[in-house]
Amino acid sequence: MNWTAIAAIYRFEMARFFRTLLQSFLSPVLSTSLYFVVFGAAIGSRIDQVEGISYGAFIVPGLVMLAVITQSISNGSFGIYFPKFIGTIYELLSAPINFLEIVLGYVGAAATKALFIGVVILLTSTLFVDLSIAHPLAMVAFLVLTCISFALLGFIIGIWAGNFEQLQLVPLLIVTPLVFLGGSFYSILMLPPIWQKITLLNPVVYLISGFRWSFFGTADLPVGYSLLAIAAFTCLCLGVIWWIFRTGWRIRS
């Protein structure tokens, strides 16, 4: 394993993040505050509690997941697309490093950036609600695994994308709606029975349910299902990336 190459890619990507540090942190703080004003104050005044939890606290895991998933995909896709766009990806492909080392560098940096944003949103939420974490280690594990798995998805999108517009196509049209419909701001148990079954087809439901369990000790679905879902998704993304580098799809053309 060429750790020097991994560290070089990682440091380069993180340096770009720290150059816009204020913007990177200010945006999620403002958006989180707006979510609390709209959902926490307006809707929370009509919904006192959900599953014995105050509505303001109940939506915190969903807000964190929404930001972490979108940031992981965005950072992961742009990180690998930009070298494709300017042609420097050929320097990586000709260097004495394998695809795993390239992925570790780019995905590791994207996941780290998303993790920073998730922590910022979590800290910001404590300004609005009293928040306690029942299982802190599980919370960190779910947060890190989500960052890594969706950074891998972003890496795939970055290789697939042919222009900057396509980088936003999958997150805006597919991922963001799945997060909103995945129980971010409500419990799926509040839905009619038929919609509860349909919602189970949404993979994001399992992530949010497991993450919410780490906060409050209650979940819409068994925690084992959540762990299985995120493990399967991570393995699927790794398999796709391995195939991409093996065949050169969208890289060498």
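Colleague: In this predicted model, does Arg16 count as buried, partly exposed or exposed?

Modeller: The relative accessibility of Arg16 is 23%. Buried requires under 20% and exposed over 50%, so the class for Arg16 is partly exposed.

Colleague: With which residue does Arg16 form a salt bridge, and how far apart are the closest N and O atoms?

Modeller: Arg16 and Glu13 lie three residues apart in helix H1 (residues 3–19), a separation of about one helical turn. The salt bridge partner of Arg16 is Glu13, and the closest N and O atoms are 2.4 Å apart.

Colleague: Is Glu13 buried or exposed?

Modeller: The cut-off for a buried residue is under 20% relative accessible area. Glu13 has 3% relative accessibility, and therefore counts as buried.

Colleague: Which side chain meets that of Glu13 in the salt bridge of 3.7 Å, N to O?

Modeller: The pair links distant parts of the chain, 100 residues apart. Glu13 belongs to helix H1, whereas its partner belongs to helix H6 (residues 99–125). The side chain in question is that of Lys113.

Colleague: Which residues do salt bridges that share partners join into one network?

Modeller: A search of the whole structure finds two salt bridges. Glu13 pairs with Arg16, and Glu13 also pairs with Lys113. The network therefore consists of salt bridges within 4 Å that join Glu13, Arg16 and Lys113.

Conventions: Residues numbered from 1 in each chain as written. Predicted model: local features only at pLDDT ≥ 70, side-chain atom pairs only at ≥ 80, totals over all residues. Heavy atoms only, no water. Helix = DSSP H or I, 4+ residues; strand = E, 2+ residues; numbered from the N terminus. Buried < 20%, exposed > 50% of the residue type's maximum accessible area, 1.4 Å probe, protein only.
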